Amino acid sequence: MMKKVFSCILILIVITGCSKDPDITNDMLDGDLIFDPSLYNPQDFLVSYAIPNPTPEQALMPVIITSHGYTATTFEWNEFVQFADSKDVLVSQVLLNGHGRSYNDFQNSTWRDWQRSLIDEYERLVQQGYQNIHFLGSSTSGALLMELIAAGYFKDRVTPGQFLLVDPIVIPSNKSLSLIHVFGPMMGFLEEDQTAEEDKVYYHFRPQETLRELQNLLNKVRKELEKGVVLPQGSSLKVYKSIQDPTADPVSAVLIYKGLKLADGRPVDVEMVESGLHVFTRLELRDPTNTDRLNQLAAFNDIISRVLNN
């Protein structure tokens with residue numbers, strides 16, 4: 001009860017500090033000048049565009065489909081793409097639909113739109129003959145992938161080998177999100193505290209409409225996990241979770257561990273990481289410690305190892 005009261009107070013504080021019209025500038029992703037580069041040059045980001053007619057050898061290479069979190073862009077996985085460049089893997093950097101465009105485009109998108117871009121890249125790759133496909137998702141993309149698994153989307157399709165989730169969110173650290181359906185229309189939006197450089201690759205303003213979509217998605221995934229979800233035959237899943245995550249409550253990892261099982265009934269892998277960063281694998285535009293760098297390197301090496309040894 002006290003937590004709910006506290007959340008209400010926080011929401012009211014936010015409401016009083018916001019107007020309904022965000023003060024968007026052209027130096028922000030929210031504006032009309034900055035767009036995610038994958039929209040202009042998809043061949044530089046998506047394997048399905050770069051190599052639409054793979055050789056038999058290329059079709060057997062591991063393809064890792066990366067996807068980012070809520071309000072983020074393809075930028076979130078740039079460092080992994082650079083790391084993986086010298087490995088024997090191909091990487092697709094998917095931009096979630098509705099993201100990487102203007103504030104209005106983001107405002108009008110749903111979580112089904114966000115998820116659709118994952119499906120589109122997967123289906124293009126399968127149609128082109130790729131057979132060794134894996135998913136690597138951060139934050140909200142973890143929830144989007146778990147929803148796809150729970151819905152049985154991969155049944156009778158080419159089975160992904162690995163689902164690798166970095167700081168997946170099921171329970172937000174900020175519990176006030178649960179009240180978004182009540183206070184959202186009065187709020188209009190929330191403002192993110194981030195640097196000017198981050199404003200170019202992450203939305204500065206979070207429309208209440210998309211916060212409601214996020215809450216709807218998380219509620220759905222939580223309920224599915226409570227009922228129990230089984231991975232497709234032949235698939236594995238690992239969670240890499242920051243212990244002091246300011247965005248995704250670490251209890252999210254507990255819910256995933258309890259609610260998701262391999263096809264043979266074994267538990268999924270969960271690694272708790274000594275980090276205070278959300279999406280600890282993204283260090284660019286942050287001020288990382290040596291421990292942060294070691295955490296990133298260990299996760300990248302483990303991801304590549306799991307994919308190559310799948």
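Helices, taken as H or I runs of at least four residues, and strands, taken as E runs of at least two, are DSSP runs numbered from the N terminus. In these terms valine 279 belongs to the loop between β10 (269-273) and α11 (290-308). The model described here is a predicted one.

**Backbone angles**

Most residues other than glycine have a negative phi. Valine 279 is not a glycine, yet its phi is positive, near 55 degrees. The side of the question that concerns solvent is settled by the cut-off for burial, which is under 20% relative accessible area: with a relative accessibility of 3%, valine 279 counts as buried. Aspartate 156 likewise is not a glycine and has a positive phi, in this case of about 65 degrees. Aspartate 156 sits in the loop between α7 and β4, and because exposed means over 50%, its 76% relative accessibility places aspartate 156 among the exposed residues.

The buried residues of α9 are Gln208, Thr210, Leu211, Glu213, Leu214, Gln215, Leu217, Leu218, Val221, Glu224 and Leu225. An α-helix has 3.6 residues a turn, so residues three or four places apart point the same way.

| Helix packed with α9 | Angle between axes | Distance between axes |
|---|---|---|
| α8 (residues 180-187) | about 170 degrees | 9 Å |
| α7 (residues 140-150) | roughly 50 degrees | within 10 Å |

The axes of α7 and α9 cross at roughly 50 degrees, and that makes α7 oblique to α9. From α7, Thr140, Ala143, Leu144, Met146, Glu147 and Ala150 make the contact, and from α9 it is made by Leu214, Leu217, Leu218, Lys220, Val221, Glu224 and Leu225. The crossing of these two helices, α7 and α9, is left-handed.

For α8 and α9, packed at an angle of about 170 degrees, the cut-off is that angles over 145 degrees count as roughly antiparallel, and the two helices are therefore roughly antiparallel to each other. The crossing of α8 past α9 is right-handed. The residues of α8 that take part are Ile180, His181, Gly184 and Pro185, and they meet Gln208, Leu211, Arg212, Gln215 and Asn216 of α9.

Helix α7 itself is largely enclosed by the rest of the structure, because ten of its eleven residues are buried. Those buried residues are Thr140, Ser141, Gly142, Ala143, Leu144, Leu145, Met146, Glu147, Leu148 and Ile149.

**Buried glutamines and a buried tyrosine**

Glutamine 194 lies in the loop between β5 (189-191) and β6 (205-207), and with a relative accessibility of 18% it counts as buried. The side chain of glutamine 194 forms a polar contact of 2.8 Å with the side chain of aspartate 199, and a polar atom of that glutamine side chain lies 3.4 Å from the backbone oxygen of tyrosine 203. When residues up to four places away in sequence are not counted, glutamine 194 touches Asp199, Tyr202, Tyr203 and His204.

Glutamine 162 is placed in strand β4 (residues 162-166) and is buried, with a relative accessible area of 5%. Its side chain and that of asparagine 310 are joined by a polar contact of 3.0 Å. With neighbours within four places in sequence left aside, the contacts of glutamine 162 are Ile133, His134, Phe135, Ser236, Arg306, Val307 and Asn310.

Tyrosine 103 lies in helix α5 (residues 103-107), and its relative accessible area of 7% makes it a buried residue. Leaving aside neighbours within four places in sequence, tyrosine 103 is in contact with Pro22, Ile24, Asp30, Gly188, Phe189, Tyr203, Phe205 and Pro207. The C-alpha atoms of tyrosine 103 and tyrosine 70, which stand 33 residues apart along the chain, are separated by 13 Å.

Terms used. Residues are numbered from 1 along each chain as its sequence is written. This is a predicted model: local features need pLDDT of at least 70, side-chain atom pairs count only at pLDDT 80 or more; totals for chains, interfaces and linings use all residues. Side-chain values use heavy atoms; hydrogens and water are left out. Buried means under 20% relative accessible area, exposed over 50%, partly exposed in between (1.4 Å probe, protein chains only). A polar contact is a pair of N or O atoms within 3.5 Å; within protein, one must be able to donate a hydrogen and the other to accept it, and residues adjacent in sequence count only if both atoms are side-chain atoms. Contact means heavy atoms within 4.5 Å. Axes are lines fitted to C-alpha atoms, for helices over the stretch in contact, and angles run from 0 to 180 degrees between N-to-C directions. Angles under 35 degrees count as roughly parallel, over 145 as roughly antiparallel, 65 to 115 as roughly perpendicular and the rest as oblique. A crossing is left-handed if the near helix is turned anticlockwise from the far one by less than a right angle, and right-handed if clockwise.
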